[in-house]
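Here's a quick tour for anyone meeting this structure for the first time. Have a look at the picture, then read on.

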Amino acid sequence: MTEERNTEQEFNSKTEEGTVEEVFAENEASEQTEEIPSQEEEQQNPMEQKIAELEGKLEEADNRYLRLQADFDNFRRRSRIELEASAKYRAQSIITDLLPAIDNFERALKMDVDNEQAKSLKQGVEMVYRSLLDALKNEGVEVIEAVGKEFDPHLHQAVMQAEDENYGPNIVVEEFQKGYMLKDRIIRPAMVKVNQ
């Protein structure tokens with residue numbers, strides 16, 4: 001029995017040694033086969049790296065070019081819009097400066113006169129007032145309609161409230177100061193009294 005065990009152990013150790021040697025032999029063979037392609041890869045790898053690097057630079061340059069082109073297009077569009085707005089609203093500052101004078105003309109025209117000299121003076125003032133309004137109208141200035149219209153906070157500035165049965169709720173009852181628009185821009189909102 002002991003002999004059988006000894007032979008069995010010898011056989012197992014020999015097979016283990018043989019198996020271990022076979023594994024080492026396989027590993028060495030695979031290492032040798034791996035070394036051959038790795039030398040070829042080393043020769044191709046720098047070229048592939050260079051190609052990948054150049055492709056990356058090309059893609060980066062394309063992206064930079066597209067961004068610059070988009071920025072330039074945006075700049076041209078903004079410049080065109082600013083130029084159009086500048087031309088469209090070029091008279092805004094002078095119109096704003098003229099509005100107090102127009103208000104004074106309107107107050108002067110509301111005065112009652114009784115003699116001929118005052119009537120002719122009032123007539124001259126009215127002619128100047130109309131010519132100023134015509135010049136403003138030619139520039140695109142419009143008077144904001146207020147009395148009888150529904151209150152709009154973009155067009156009207158409410159300074160008082162009233163309770164008038166002749167008007168519906170939220171309707172402008174009286175106008176204290178005229179409002180003006182230049183094309184689609186509010187120069188001055190109308191100062192009004194609104195019905196509750």
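Predicted model: local features only at pLDDT ≥ 70, side-chain atom pairs only at ≥ 80, totals over all residues.

What follows walks through a sheet, a helix and the nonpolar cores.

Let's start with an open sheet built from three strands, laid out in the order β1-β4-β5 with antiparallel pairing. At its edges sit β1 (141-144) and β5 (185-188), each of which pairs on one side only. Ignoring direction, neighbouring strands in this sheet are turned by 35° against each other on average.

Now zoom in on β1 and β4. The two run antiparallel, with four bridges joining β1 to β4 (residues 179-182).

## A helix across the strands

Next, find helix α2, residues 92-109. This helix lies across β1, β4 and β5, and runs at about 45° to β5.

## The nonpolar cores

Which residues touch the most other members of the largest nonpolar core? They're I95, L99, I102, V141, Y180, L182 and I187, out of 13 residues in that core. At least two core residues come from each of α2, α3 (116-138) and β4, and α2 gives the most, with four.

Leaving out residues up to four places away in sequence, I187 touches Q92, I95, T96, L99, Y180, M181 and L182. There's also a second, separate core of five residues, with A146, V172, A190 and V192 among them.

How values were computed: Residues numbered from 1 in each chain as written. Heavy atoms only, no water. Pairing = 2+ DSSP bridges. Axes fitted to C-alpha atoms, helices over the stretch in contact; angles between N-to-C directions. Contact = heavy atoms within 4.5 Å. Core = buried A, V, L, I, M, F, W, Y, C linked by side-chain atoms within 4.5 Å. Buried < 20%, exposed > 50% of the residue type's maximum accessible area, 1.4 Å probe, protein only.
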